[in-house]
Amino acid sequence: MTSSAHPKRQDWRDAAIAAADTAARFITHEAMSHRTLTWEEKSATDFVSRVDVGAEERIRDMITMRIPGIRMVGEELSADAHPNEGLVAIVDPLDGTTNFLHGFPNYCVSICIALDGVPQAAVVHDVARGGVLHATASDGAFVDSSRLRVSTTGTPARALIGTGIPFKDVSHADRYLRQLGRLMPIISGVRRAGSAALDLSDVARGRFDGFWELFLHPWDLAAGVLLVREAGGRVTDLEGRNARLAGGPIVASNGILHDWFLDMLNDDAVPAPNPA
Ligand code: IPD
Ligand code: CA
Ligand code: CA
């Protein structure tokens, strides 16, 4: 156990698993009537429904009852709260809202319990397909009771890479397209599945060899960061500094490919191949 791993981390994980389970049951029930839901506009291309809010209320009620004194940093109800101070639950009640609203089965509940900016416990509950991924600091990452390990792929040509194509803020679309253009011809494939927490989970479980996105919020990344690290992978920003809970750009990998991946993402000197 490292000095930053708190003795209560497993109790915190259990509370997060229970809260995620309650939210997942609610979301599953509501999914049956997703076609009749009202979509509220957060911005022109970003929507939310009463399901996101209802799931977060349920998580907040259970977490604050089981962990006295904890603060919530939740996407829908307390997005302005600071993720780096004291004991916090960083919560995305429904990651993959666009998928959920369309009935595309790739969405999850993501909860991270962090103390003074250090993730202690993490849960990603895969609602549509089932499976609870969880981790505690220094104790490893698991799906249900099976240990998670990142992939051992060391050859870019064999790498399957996940990403998040911008759709809320497209101001960095050119940079993103250049990155994509450099990677596309030399890797095995790119996937954009629509839930950053599940993308990071897929790195942790060795399905993806890497994942990057140019901007994520604390609730998109916090749980996934601990899962990837505890499964033996690496998560940084584009400069190779450890990913922080405050959010920003994120690059995750199995560790073996990380330096190559960072070079590819940063190398604006290398022009993308001409598709003609
Ligand atoms: C979004 C998803 C998506 C990612 C976006 C996130 P939401 O979260 O994780 O994959 O590309 O950056 O905001 O809105 O579905 O909770
Ligand atoms: Ca999200
Ligand atoms: Ca969300």
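Domain bounds are taken from an automatic or database domain assignment. On that basis, the shell around ligand 1 draws at least three residues from each of domain 1 (9–147) and domain 2 (156–265). The model is predicted: local features need pLDDT of at least 70, side-chain atom pairs count only at pLDDT 80 or more, and totals for chains, interfaces and linings use all residues. Residues are numbered from 1 along each chain as its sequence is written, ligands are numbered from 1 in the order in which they are written, and side-chain values use heavy atoms, with hydrogens and water left out.

Ligand 1 is surrounded by 15 residues, the closest being Asp-95, Gly-96, Lys-168, Arg-192 and Glu-213; a residue counts as near if one of its heavy atoms lies within 4 Å. Strands E4 (87–95) and E12 (210–216) each supply at least two shell residues, and E4 gives the most, with three; strands are DSSP runs of at least two residues, numbered from the N terminus.

Polar contacts (pairs of N or O atoms within 3.5 Å) involve oxygen atoms of ligand 1. A polar side-chain atom of Asp-92 lies 3.2 Å from one such atom, and backbone N or O atoms of Gly-194 and Ser-195 each lie 3.2 Å from an oxygen atom of the ligand. Taken alone, ligand 1 exposes 380 Å² (Shrake-Rupley method, 1.4 Å probe), of which the protein buries 93%.

Terms used: A polar contact is a pair of N or O atoms within 3.5 Å; within protein, one must be able to donate a hydrogen and the other to accept it, and residues adjacent in sequence count only if both atoms are side-chain atoms. Helices (H or I, at least four residues) and strands (E, at least two) are DSSP runs, numbered from the N terminus.
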